[in-house]
Amino acid sequence: MASSRVLILLALCVLPALLVEAVPLKEPYQVTGRVYCDTCHLGCEHKLVTYIAGAKVKIECKDDKNYVIKYSREGVTDKDGKFTIEVREDHQEDFCFAVLVSSPQTDCKKIVPGLDRVTAIVTNNNGLQETSPKRNVNSLGFKKDGKVAGCAGLVQLYNSDV
């Protein structure tokens, strides 16, 4: 008798949690960002970067306990290097990232640690008052094989006390 009560209590507590996680959002999150080519090997966006059309990016969410991938969805950048990837579920308990996959530019396809992934917040249950489904992430960058003209002047400008 006691074991049946425990089973019923367990079912009443666990089942709703499973159902909530499986229910898609009424309005999916739209994770947006840009992909650039670091033409001067500076590791950041600057006035000489170019934006990459046709680059593949994915949203990847990992379980917060054992880091197993629970969600992954790929997208492609437009002519301006912008991407928007729809995420249809809330991932409050996960670590989510926008991650570089590949570049169509043969001379700018090197993936550099630190420029290859950025955090994506895909939950409304994070203490912020944000209710918009739009989620902007920092830009992601590939490294160009060689540097373009003007990089030396740009580095000099960045190192000056102007």
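Q: Why is cysteine 61 called buried?
A: In this predicted model, cysteine 61 has 0% relative accessibility. Buried means under 20%, so cysteine 61 counts as buried.

Q: What makes cysteine 61 and cysteine 96 a disulfide?
A: Their sulfur atoms sit 2.1 Å apart, and the cut-off for a disulfide is within 2.5 Å. Cysteine 61 lies in strand E3 (residues 56-63) and cysteine 96 in strand E6, so the bond ties together parts that are 35 residues apart in sequence. Cysteine 96 is buried too, because its 3% falls under the 20% limit.

Q: Why is the disulfide of cysteine 61 and cysteine 96 called right-handed?
A: The torsion about its S-S bond is about 115°, so it's right-handed.

Q: What is the handedness of the link between cysteine 40 and cysteine 151?
A: This one is left-handed, with -80° about the S-S bond. Cysteine 40 is in the loop between E1 and strand E2 (50-51), while cysteine 151 belongs to helix H2 (residues 151-159), 111 residues apart.

Q: How do you know whether cysteine 40 is buried or exposed?
A: Its relative accessibility is 1%. The limit for buried is under 20%, so cysteine 40 counts as buried. Cysteine 151, at 5%, gets that label as well.

Q: What makes cysteine 37 and cysteine 108 a disulfide?
A: Their S to S distance is 2.1 Å, and the rule asks for sulfur atoms within 2.5 Å. Cysteine 37 is in strand E1 (residues 29-38) and cysteine 108 in the loop between strand E6 (94-102) and strand E7 (110-111), 71 residues apart. By this rule the count comes to 3 disulfides, and they follow the pattern 1-5, 2-6, 3-4.

Q: Why is cysteine 44 too far from cysteine 40 for a bond?
A: The closest cysteine sulfur to that of cysteine 44 is in cysteine 40, 9.3 Å away. A disulfide needs sulfur atoms within 2.5 Å, so that's too far for a bond. At 31% relative accessibility, cysteine 44 counts as partly exposed, because this label covers values between 20% and 50%.

Q: Why is threonine 77 called buried?
A: Its relative accessible area is 6%, and buried means under 20%. Threonine 77 sits in the loop between strand E4 (69-76) and strand E5 (82-87).

Q: What makes the pairing of threonine 77 with isoleucine 52 a polar contact?
A: A polar atom of the threonine 77 side chain lies 2.6 Å from the backbone oxygen of isoleucine 52, and the cut-off is within 3.5 Å. The side chain of threonine 77 also reaches the backbone nitrogen of alanine 55, at 2.8 Å.

Note on methods. Residues numbered from 1 in each chain as written. Predicted model: local features only at pLDDT ≥ 70, side-chain atom pairs only at ≥ 80, totals over all residues. Heavy atoms only, no water. Helix = DSSP H or I, 4+ residues; strand = E, 2+ residues; numbered from the N terminus. Buried < 20%, exposed > 50% of the residue type's maximum accessible area, 1.4 Å probe, protein only. Polar contact = N/O pair within 3.5 Å; in protein donor to acceptor, adjacent residues only side chain to side chain.
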